[in-house]
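Here is a friendly note on the charged pairs in this model. Please keep the structure open beside you as you read the points.

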Amino acid sequence: MRTASSALIALLALAACGESDEVKLENASVADVAEATKDKATTVKLKPGQWRTTAELVSIDVPGLPKEVADQIGQSAAKSSTTEDCVTQEEADKPQEMLARDNGECRYDRFQMGGGKIDAVMRCKGTEQPGEMQISMSGNYQPERYDVAAEMVMTQQGKTITMRLKSRSERIGECKA
């Protein structure tokens with residue numbers, strides 16, 4: 001979870017610039033997005049420190065799933081999980097380095113952020129199993145907080161699974177020793 005939280009914090013840190021630093025890309029690799037945001041990272045206002053992220057699985061849809069299994073998933077979907085991560089000064093100064101971590105199998109159909117908003121659609125090909133995942137994300141951010149809604153659609157062996165998630169992260173103080 002630390003990797004996912006750190007990557008999301010990095011992505012939003014890059015967006016923490018003003019409206020004049022808006023980034024708009026289409027059909028871009030993860031490296032393209034990191035490069036496009038690199039120069040803008042010098043004005044990032046993300047504060048290093050301890051960040052708390054609460055993620056909630058809002059819904060999951062698996063066509064053909066037996067009712068009792070769907071009910072069980074639905075009950076767990078209502079639960080949220082909370083993690084805490086330390087964003088160091090170095091990570092806050094160079095968020096594009098966290099963002100650039102990629103296995104080479106993902107591309108952004110659309111990537112736009114600026115003025116306190118983010119909107120992106122990314123597609124990834126399976127590396128261990130054949131299939132594809134599309135992640136759509138939109139949200140709002142401030143230097144010490146962000147809220148994001150995401151939808152992940154996974155297609156594998158002709159079956160599609162759709163998950164909707166919400167995430168809120170906020171700086172809660174200095175990093176714990």
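1. A search of the whole structure finds 11 salt bridges. A salt bridge here is a side-chain nitrogen of Lys or Arg within 4 Å of a carboxyl oxygen of Asp or Glu. This is a predicted model, where local features need pLDDT of at least 70, side-chain atom pairs count only at pLDDT 80 or more, and totals for chains, interfaces and linings use all residues. Residues are numbered from 1 along each chain as its sequence is written, and side-chain values use heavy atoms, leaving out hydrogens and water.

2. Start with arginine 52 and glutamate 84, a salt bridge whose closest N and O atoms are 3.2 Å apart. Arginine 52 lies in strand 2 (residues 49-61) and glutamate 84 in strand 3 (residues 80-87), so the pair ties together parts 32 residues apart in sequence. Strands (E, at least two residues) are DSSP runs, numbered from the N terminus.

3. Glutamate 84 also meets lysine 176 in a salt bridge (2.9 Å, N to O). Lysine 176 lies in the segment after strand 8 (159-173), so this pair ties together parts 92 residues apart in sequence.

4. How exposed is lysine 176? At 59% relative accessibility, lysine 176 counts as exposed, while arginine 52 at 31% is partly exposed. Exposed means over 50% relative accessible area, buried under 20%, and partly exposed in between (1.4 Å probe, protein chains only).

5. Finally, look at aspartate 109 and arginine 123, a salt bridge with its closest N and O atoms 2.7 Å apart. Aspartate 109 lies in strand 4 (residues 106-114) and arginine 123 in strand 5 (residues 117-125).

Definitions and conventions:
Helices (H or I, at least four residues) and strands (E, at least two) are DSSP runs, numbered from the N terminus.
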